[in-house]
Amino acid sequence: VETVTSELSAERSLSQRLENTRQQLERQNKELRAKLQELEGVLRSKYRTNMASLELKISQLEEQLEQESK
């Protein structure tokens with residue numbers, strides 16, 4: 001009976017540690033997903049800014065070319 005009780009206690013302890021580890025990993029996963037979404041948002045914003053800047057530059061160059069060709 002003592003052996004079985006000891007084994008049961010060890011199993012409960014292991015189970016609790018595994019559950020704690022699982023919960024910790026779930027929290028980390030949630031934090032990493034939030035960080036990823038934040039970074040994707042920043043990248044989208046920078047992409048839009050860069051595209052607008054390039055489109056403006058193209059427009060200016062086209063205008064300059066038109067002026068030079070006159």
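Student: Is Q24 buried, partly exposed or exposed, and what is its relative accessible area?

Tutor: Start with the cut-offs. Buried means under 20% relative accessible area, and exposed means over 50%. Partly exposed lies in between. In this predicted model, Q24 has a relative accessible area of 39%, so Q24 is partly exposed. Q24 sits in helix α1.

Student: How many helices and strands are there in the protein?

Tutor: The protein has one helix and zero strands. Helix α1 covers residues 2–69. Over residues 1–70, the chain is 97% helix and 0% strand.

Student: What does UniProt list for residues 1–70?

Tutor: The UniProt record, an unreviewed entry, lists "domain: Myosin tail" for residues 1–70. Treat such a label with care, because annotations may be inferred rather than shown by experiment.

Student: How do I read overall dimensions? What does the C-alpha trace span along its principal axes?

Tutor: Take the spans, then the end distance, then the radius of gyration. The C-alpha trace spans about 100 × 10 × 5 Å along the principal axes. The end C-alpha atoms of residues 1–70 are 102 Å apart. The radius of gyration is 30 Å, whereas a compact globule of 70 residues would have a value near 11 Å.

Student: Which separations in space go with separations in sequence, for example between L39 and E2?

Tutor: Compare the sequence gap with the C-alpha distance. L39 and E2 are 37 residues apart in sequence, and their C-alpha atoms are 55 Å apart in space. Q24 and V42 give another pair: 18 residues along the chain, with 27 Å between C-alpha atoms.

Student: Where is L39, and is it buried, partly exposed or exposed?

Tutor: L39 lies in helix α1. With a relative accessible area of 42%, L39 is partly exposed.

Student: What percentage of the 70 residues counts as buried?

Tutor: The same cut-off of under 20% applies. Here 0% of the 70 residues count as buried. The accessible surface of the protein comes to about 6900 Å². Carbon and sulfur atoms hold 54% of that surface.

Student: How many salt bridges does a search of the whole structure find?

Tutor: The test is a side-chain nitrogen of Lys or Arg within 4 Å of a carboxyl oxygen of Asp or Glu. A search of the whole structure finds two salt bridges. R22 pairs with E19, their closest N and O atoms being 2.4 Å apart. R22 also pairs with E26, again with closest N and O atoms 2.4 Å apart.

Student: Why are R22 and E19 separated by about one helical turn?

Tutor: Look at the spacing within the helix. R22 and E19 are separated by about one helical turn because they are three residues apart in helix α1. E26 and R22 are four residues apart in helix α1, also about one turn.

Note on methods:
Residues are numbered from 1 along each chain as its sequence is written. This is a predicted model: local features need pLDDT of at least 70, side-chain atom pairs count only at pLDDT 80 or more; totals for chains, interfaces and linings use all residues. Side-chain values use heavy atoms; hydrogens and water are left out. Helices (H or I, at least four residues) and strands (E, at least two) are DSSP runs, numbered from the N terminus. The radius of gyration is taken over C-alpha atoms; the globule rule is 2.2 Å times the number of residues to the power 0.38. Buried means under 20% relative accessible area, exposed over 50%, partly exposed in between (1.4 Å probe, protein chains only). Accessible areas come from the Shrake-Rupley method with a 1.4 Å probe; for residues, only the protein chains shown count as cover.
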